[in-house]
Amino acid sequence: MTDLPQSLVELARRYGVATEYEDWTGRSVPVSESTLIAVLDALGVQAGAEHRREAALAEHDRMYWARALPPTIVIRAGNASSFWVHVTHGDPAQVWLRLEDGSTRTGLRQLENHRAPYDLGGRLIGEASFEMPADLPLGYHELHLQLGGDDVTTAVIVTPAAVAPPARLGNRRSWGLAVQLYSVRSQRSWGIGDLTDMTDLAVWSAAAHAAGFLLVNPLHAAAPSAPMEPSPYLPTSRRFVNPIYLRVEAIPEYAYLRRRGRSRKARERLQADADRGEFIDRDAAWQAKRAALQAVYRVERSAGRELAYAAYRRREGRSLDDFATWCALAEEYGNDWHGWPRDLQHPANPEVAAFAAEHADTVDFHRWLQWQLDDQLTAAQATARQAGMGLGLMHDLAVGVDPDGADAWAMQDVLALGVTAGAPPDEFNQLGQDWSQPPWRPDQLEQQAYRPFRALVNAVLRHAGGVRIDHIIGLFRLWWIPKGAAPTEGTYVRYDHEAMIGIVALEAHRAEAVVVGEDLGTVEPWVRDYLRGRGLFGTSILWFEMDRDGPETDRPLPAERWREYCLSAVTTHDLPPTAGYLAGEHVKLRERLGLLTRPAEQELAADRRQQAAWLDELRRVELLDDTPDAPAVDEIVRALHRYLGRSPSRLLALSLADAVGDRRTQNQPGTTDEYPNWRIPLTGPDGHTLLVEDILADPRAAGLAETMRAAVEPPV
């Protein structure tokens, strides 16, 4: 029961806004009236007074009948479906399809529809229904409606019923290294890990230890001027890549740079500073690398390279131009576009075009950087596959973007800028989370035939054999928090998951890639079944795999009951590496930062019980000796990773931090500057920084990599 006005409840229902939800304990929680009004306002709906709500409901009806065709039609291949058409009552409706390959399809069968006509400002509008054939090919097609001399169109997206794993994987299981790339550099890096370092790690894990993939943190673009956002999960753009990851010397034109000594000295100074520093200094790394890249940019390109660059610009089109223009504007006016001169705050304004023309070289430099990234990522994926990886690179797609950044500026008409995305309280983040990111507007995505989302998924799969989608539940429903409110004061907004997941499946099918959904946290039970039915993998983190349905809910879920179509790992980037977790670092850190909602003693006691239960489980399956002596940390870490092999999970991951015995967490959710998130260099058990060269010669890393190899290989 609710005391909310009925008009507000109905308006929320129509726009997919939850008026109540079930929290992580199973308790039903009502959503406040103020939250609903704020969330609806972010969707462009005035709901603060009764007369406004009644007007909004009437406008919702009017807009439905005013459309001749649905904004977007999404169907599954092999399934016949229907769609509606609105014409003046009594007029004929002629419909036909233009398929993606240019061919046409006519003769669509009309179905019975007895819905009464609607009075639209004195004109009666009738509704007809037609059948969409079941045999349409996969792809992005166009439906046409002939109305007298007018031709009205809408998008038709045919998605796979389910996306199959790439044929090159066969029925084999596969393991991969999970890497936070910025944290691991080599002797030839520029103070931070780069794409050449990533390639070397892929080759080592594949050629020496039969790894099938390398899972890397999001490589999304950050703002080009200081301070550079350290979080890979709060990018300025998800569509483009951070040029800090470029290896300058791998650019072909570098060979013709006249003053390479200046570049070499800058890199050596940066490396020396990184050797002495406690944390990763992105600003220093980018300042030095940008200067070197600018020098390489000025080198004359060959005729063939010029043709390749022109082809890249044509392919990326307006999105690339907008991104490069934003970067040039950010260097001039700062990283927050809300603070720019008003005329520059929207990409369609003529003043933006004038700025781009006046600063053409700077804009082109930022376009060129993305071309270099495209080249180096293409080479990295090809090299990983050549080294024996079945999948190669598995990229990570963040949930959203910085509200002040390039994507929010370029796509402000399809993002909800009056709210932020986050998560409600759960067992591990008991105050909830505010990610400070503007969510997609589901209504505007549909109006734009999901083109921004399609382009994003296509881009992240361009150089990959797989993608991990962070918080994939956000493609079903996402926690929206009104600006200025606490994370606990949000509500869920639903998306058309048939469309969102269908597009992911279609793009993965075309790229012959695996999709892994990070489906941790508060998840509606049916969602995991739905994802599995569409061919998407889930995620299992060992510490979270507890037998919630058993008589003792603090007992581990036996490995044989884990999911098969899943990426399973012992830990994740939001927890300490396993050595640190075993020492209770996740509890101690949250206590120090004031993130616990119950006394630390209780948290530590619960953690000790959980760890004891896992040790018992390892002994039960004979992965640890049943002796009174406490096992060594390395022994436990090895046993936990061997335990992954007892599960049916098709994909297993080993954190590079676990492989080398690191202890410090990369990220503590719920914090920004309270903890040096995403700035921790990779270290060994002694706390000393490790380089790529050290890893490739590290017996501990090799031993755990062989443990993973044995875990996925069938017994002889």
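## Pockets, cavities and sheets

Helix H11 gives the most to the lining of the second largest pocket, with six residues. This is a predicted model, where local features need pLDDT of at least 70, side-chain atom pairs count only at pLDDT 80 or more, and totals for chains, interfaces and linings use all residues. Residues are numbered from 1 along each chain as its sequence is written, and side-chain values use heavy atoms, with hydrogens and water left out. Helices (H or I, at least four residues) and strands (E, at least two) are DSSP runs, numbered from the N terminus.

**The second largest pocket**

- A pocket is an open set of points on a 1 Å grid over the protein atoms alone, with protein on both sides within 12 Å along at least five of seven lines; a cavity is a set of points where a 1.4 Å probe fits but cannot get out, and lining residues have an atom within 4 Å of a point.
- The second largest pocket holds about 950 Å³ of space, a volume being the space filled by probe spheres set on grid points that are joined across faces, edges and corners.
- Of its 30 lining residues, Tyr15, His60, Asp443, Glu446 and Gln447 lie nearest the centre.
- At least two lining residues come from each of helix H1 (6-14), helix H3 (50-66), strand S3 (72-76) and helix H11 (442-447).
- By class, this lining has 15 nonpolar, six polar and nine charged residues; Ala, Val, Leu, Ile, Met, Phe, Trp, Tyr, Cys and Pro count as nonpolar, Asp, Glu, Lys and Arg as charged, and the others, Gly among them, as polar.

**The cavities**

- There are five cavities of 30 Å³ or more in the structure.
- The largest cavity has about 450 Å³ of space.
- Its lining has 32 residues, with Ala178, Gln180, Thr571, Thr572 and His573 nearest the centre.
- Among the elements giving two or more residues to that lining are strand S12 (174-179), strand S13 (213-216) and helix H19 (656-660).
- The lining of the largest cavity splits into 16 nonpolar, 12 polar and four charged residues.
- The second largest cavity has about 90 Å³ of space, and Glu229, Pro230, Pro232, Asn242 and Tyr245 are the closest to its centre among 15 lining residues.
- Its lining comprises 10 nonpolar, three polar and two charged residues.

- Eight strands make an open parallel sheet in the order S22-S19-S16-S13-S12-S25-S24-S23, where strands pair if DSSP finds at least two bridges between them.
- Strand S22 (514-517) and S23 are its edge strands, each pairing on one side only.
- The twist in this sheet averages 25° from one strand to the next, with axes fitted as lines to C-alpha atoms (for helices over the stretch in contact) and angles running from 0 to 180 degrees between N-to-C directions.
- S13 and strand S16 (residues 392-397) run parallel and are joined by three bridges; Leu214 stands opposite Leu393 in S16.
- Four strands form an open antiparallel sheet in the order S18-S17-S20-S21.
- Strand S18 (433-437) and strand S21 (491-494) are at the edges with a single partner strand each, so one side of each has no neighbour in the sheet.
- Here the twist averages 45° from one strand to the next.
- Strand S20 (residues 477-482) pairs with S21 over four bridges in the antiparallel sense, and Arg477 stands opposite Arg494 in S21.

**Domains**

- The domain assignment, automatic or from a database, gives domain 1 (6-64), domain 2 (78-159) and domain 3 (178-397 + 499-712).
- Domain 1 and domain 3 have C-alpha centres 37 Å apart.
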